[in-house]
Amino acid sequence: MSVLPDPAVLAGLDTFRDLEAKQQPSWPDAQALADVTAKLSSVPPLVFAGEADNLRERLGAASRGEAFLLQGGDCAETFDELTADNIRDKIKTILQMAVILTYGASLPIIKMGRMAGQYAKPRSSDSETRDGVTLPAYRGDIINGFEFSESARIPDPNRLLDAYHNSATTLNLIRAFTQGGFADLRRVHEWNRGFMANRAYARYDTFAAEIDRAIRFMHAAGADFEALRTVDFFSSHEGLLLDYERPLTRIDSRTGLPYDCSAHFLWIGERTRQLDGAHVDYFSRVRNPIGVKLGPTSTGDDALALMDKLNPDGEAGRLTFITRMGAGKVRDLLPGLVERVRADGRPVVWVCDPMHGNGFTSDSGYKTRRFSDVIDEVRGFFEVHAALGTVPGGLHVELTGSDVTEVLGGSEEIDDLALARRYETLVDPRLNHQQSLEMAFLVAEMLRGD
């Protein structure tokens, strides 16, 4: 029997419309937007409430140190790059990292992609000027096109439907790859052995050999490898575009409660986490597990106020704080935040985003990051939690399964001149496949205290 929603709950879902919503586009045609959102309100959900509940339980385990979250994927997905090969390669990279982290942490790894919905991006300015021509800023393929032309840059609500259908396609492939044997532990380990064939990664030989022995032991001991052929893989994106999130919200027939069925996990960005803003209000009203990005300006008061709004009852797994301080600041700024939250007593999952606080423009003009800075922020994150006796719950990384050259350094020693070779991102630089695996080995060493 379906449980009917409380009318007050339904009404509350639209309270955000009376609040300031930052980082939203200026749609030129209100009727066209209304037509599209009405259609989105009637399409099938992309994910299901029970799946989000499952994820929330697993994140609760991560808050207690009984699991670890690996969240990775593109800075911004694009419609043009939606191919089976690209989706497969991102999943493959995350699965490879997860095997390494599982061994290092001796914990279950929660596998989550920044996939199937990461189409909207916040911008520092509403407009962009080139050669005296000013046009709306590119806000992601869900809103407008990257090409610098008036026709491409005008926000088009039909792109919301494109994003929905592309997300459905991505989720279909994710489920096929992760449930159809592609994720078999033995297959994934063989991929990692291929990575180790490159002598640039010789320092990880010992670690990889340990994983190899562990898998051979499991086989000899009669482990049920059939049970290890499939994995649960969750979707996530920044809940930025409210004209997309609200129409994809559904009422769970089991409980009468609302879930944002565009993804299992949504996060609120650093630029939209205002306590009296539309985003915090809206996501306080849905039952998904929710994340909030906390940058270097965040205070302990901010963290506690967000807890009051988003998880007043202290439900384990409901709220994740994703910190993005920068390598040079994490050791100074993170302890105060963690101490205030620990003193409060309500559980949160602490996750490190080592990407967004470490960006700069290279001498050759590319927006980039240093691999060494990325790793140093992760190391600082672990050091802070070790010193305070709190739990480092996960990692949030911008990565791709391709061999792009967007982040400097790593054992491949990508330098400034190499950035031009395969710099493909439209927004922020990503770790390539090899750098992602190297990060996994380094973080695995941190997890086991090496």
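Predicted model: local features only at pLDDT ≥ 70, side-chain atom pairs only at ≥ 80, totals over all residues.
Let me begin with helix α13, residues 371–388. It has 18 residues, and from its first C-alpha to its last it reaches 26 Å, close to the 26 Å expected at 1.5 Å a residue. Which residues of α13 are buried? They are Phe371, Val374, Ile375, Glu377, Val378, Gly380, Phe381, Phe382, Val384, His385 and Leu388. Just after the helix comes glycine 389, with a positive phi of about 75 degrees.

Next, helix α14, residues 433–447. At 1.5 Å a residue, its 15 residues should span 21 Å, and the C-alpha atoms at its ends are 21 Å apart, so the two values agree. How many of the 15 residues of α14 are buried? The count is 14, so the helix is largely enclosed by the rest of the structure.

Now the two ends of α14. At its start, asparagine 432 has a side-chain oxygen that reaches to within 3.2 Å of the backbone nitrogen of glutamine 434. After the helix there is glycine 449, and its phi is positive, near 80 degrees.

Is histidine 433 buried or exposed? Its relative accessible area is 13%; buried means under 20%, so histidine 433 counts as buried. Setting aside residues up to four places away in sequence, histidine 433 touches Thr93, Gln96, Thr400, Gly401, Ser402 and Asp403.

Thr93 and Gln96 belong to helix α4, and both are among the residues that meet α14. Helix α4 covers residues 84–105; its axis and that of α14 come within 8 Å and cross at roughly 15 degrees. Angles under 35 degrees count as roughly parallel, so α4 is roughly parallel to α14. The crossing of these two helices is right-handed. On the α4 side, the residues that meet α14 are Thr93, Gln96, Met97, Ile100, Leu101, Gly104 and Ala105. On the α14 side they are His433, Ser436, Leu437, Met439, Ala440, Phe441, Val443, Ala444 and Leu447.

A second pair of helices is α7, residues 185–196, and α8, residues 205–220. Their axes come within 11 Å and cross at roughly 155 degrees. An angle over 145 counts as roughly antiparallel, so that is how α7 lies relative to α8. Here the crossing is left-handed. Leu185, Arg186, His189, Arg193 and Met196 of α7 meet Asp205, Ala208, Ile211, Asp212, Ile215 and Met218 of α8.

Val36, Lys39 and Leu40 of α2 make the contact with Asn158, Leu160, Leu161 and Tyr164 of α6.

Last, a residue in a loop. Where does phenylalanine 16 lie? It is in the loop between α1, residues 7–12, and α2, residues 30–40. With a relative accessible area of 6%, phenylalanine 16 is buried. Which residues is it in contact with, leaving aside neighbours within four places in sequence? They are Leu242, Arg246, Ala278, Asp281 and Tyr282. Phenylalanine 16 and tyrosine 282 are 266 residues apart along the chain, yet their C-alpha atoms are separated by 5.7 Å.

Terms used:
Residues numbered from 1 in each chain as written. Heavy atoms only, no water. Helix = DSSP H or I, 4+ residues; strand = E, 2+ residues; numbered from the N terminus. Expected span 1.5 Å × (residues − 1). Buried < 20%, exposed > 50% of the residue type's maximum accessible area, 1.4 Å probe, protein only. Polar contact = N/O pair within 3.5 Å; in protein donor to acceptor, adjacent residues only side chain to side chain. Axes fitted to C-alpha atoms, helices over the stretch in contact; angles between N-to-C directions. Parallel < 35°, antiparallel > 145°, perpendicular 65-115°, else oblique. Left-handed = near helix turned anticlockwise from the far one by under 90°. Contact = heavy atoms within 4.5 Å.
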